[in-house]
Amino acid sequence: MSKKIFILAIVLVTAFFIVSVFSSCRSAPLPEPLPVEEPPPEPYTEVYVPVPEEPPPPKELPPFEPNAFERRVFELVNRERAMHRLPSLIWHDGAAFVAREHSIDMHDNNFMRHTGSDGSNIRQRLERGCIKNATSLNASIAGGWLTPEAVVEAWMDSPVYRPNILRREFTHTGVGFFQRPSGSNSHFATYWTQKFFVLE
């Protein structure tokens with residue numbers, strides 16, 4: 001009998017222990033969830049979309065009056081073309097204006113090359129003469145020749161510049177001449193530039 005009572009007591013104690021543990025588990029608060037780390041926001045970047053601007057209207061060139069030397073070079077070049085059965089070139093005031101400006105630039109800055117003192121090339125200078133649709137272009141330069149006859153002869157003897165005069169495709173031209181003024185220390189006494197281009 002005492003053995004049964006002992007077993008019953010063990011069962012009751014065990015049951016009481018299980019109930020106590022279960023009750024404590026139910027009453028214990030649940031742990032709070034760990035915070036989720038979010039990636040930092042990307043920095044704001046403003047995208048600039050440029051608005052296309054309308055091209056500025058072509059500037060008006062000042063009236064250009066070719067001098068006697070410029071007109072004479074024009075005549076002599078067309079004479080050479082006629083001798084080779086090539087069509088005559090058409091005079092263009094805008095090309096003559098920028099050609100003379102380049103001759104002045106070469107004198108003022110004491111150089112002899114096709115690139116201007118401001119880094120401009122032949123096409124850029126033609127655009128300054130309101131010539132924006134030239135499809136082919138080139139130029140001849142010279143320094144020191146005293147007459148139009150002498151400079152055209154020198155160009156015709158040059159393997160570099162002779163093709164400019166005799167190129168069939170060219171349609172227009174302009175000549176710019178500048179003479180060294182008294183007191184100037186520029187290397188050459190005269191500066192010559194001729195522009196050649198196709199204008200349809």
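Thr173 is found in strand 3 of this predicted model, in which local features need pLDDT of at least 70 and side-chain atom pairs count only at pLDDT 80 or more, while totals for chains, interfaces and linings use all residues. Residues are numbered from 1 along each chain as its sequence is written, and side-chain values use heavy atoms, with hydrogens and water left out. Helices (H or I, at least four residues) and strands (E, at least two) are DSSP runs, numbered from the N terminus. At 0% relative accessibility, Thr173 counts as buried (buried means under 20% relative accessible area, exposed over 50%, and partly exposed in between, with a 1.4 Å probe and protein chains only). Leaving aside residues up to four places away in sequence, Thr173 touches Phe74, Leu89, Ile90, Trp91, His92, Ala95, Gln194, Lys195, Phe196 and Phe197, contact meaning heavy atoms within 4.5 Å.

Four strands form an open sheet with mixed pairing, in the order 1-3-4-2; two strands pair if DSSP finds at least two bridges between them. Strand 1 (90-91) and strand 2 (137-143) are the edge strands, each pairing on one side only. Strand 1 pairs with strand 3 (residues 172-179) in the parallel sense, over two bridges, and His172 in strand 3 is the bridge partner of Ile90. Helix 3 (residues 93-109) packs on the sheet and touches strand 1, strand 2, strand 3 and strand 4 (190-197). The direction of helix 3 makes about 30° with that of strand 3; axes are lines fitted to C-alpha atoms, for helices over the stretch in contact, and angles run from 0 to 180 degrees between N-to-C directions.

Helix 3 also holds His102, which counts as buried at 1% relative accessibility. Residues up to four places away in sequence not being counted, His102 touches Phe111, Arg113, His114, Thr115, Gly116, Arg125, Ile141 and Thr193. His102 and Met112 lie 10 residues apart in sequence and 9.9 Å apart in space, C-alpha to C-alpha.

Helix 2 and helix 5 pack with their axes 9 Å apart, at an angle of about 40°. That makes helix 2 oblique to helix 5 (angles under 35 degrees count as roughly parallel, over 145 as roughly antiparallel, 65 to 115 as roughly perpendicular and the rest as oblique). Phe69, Arg72, Val73, Leu76, Val77 and Glu80 of helix 2 make the contact with Pro148, Glu149, Val151, Val152, Trp155 and Met156 of helix 5.

Two loop residues deserve a word on backbone geometry. Most residues other than glycine have a negative phi. Arg85, in the loop between helix 2 and strand 1, has a positive phi of about 55° although it is not a glycine, and counts as exposed at 76% relative accessibility. Asn110, in the loop between helix 3 and helix 4 (122-128), has a positive phi near 55° and counts as partly exposed at 42% relative accessibility.
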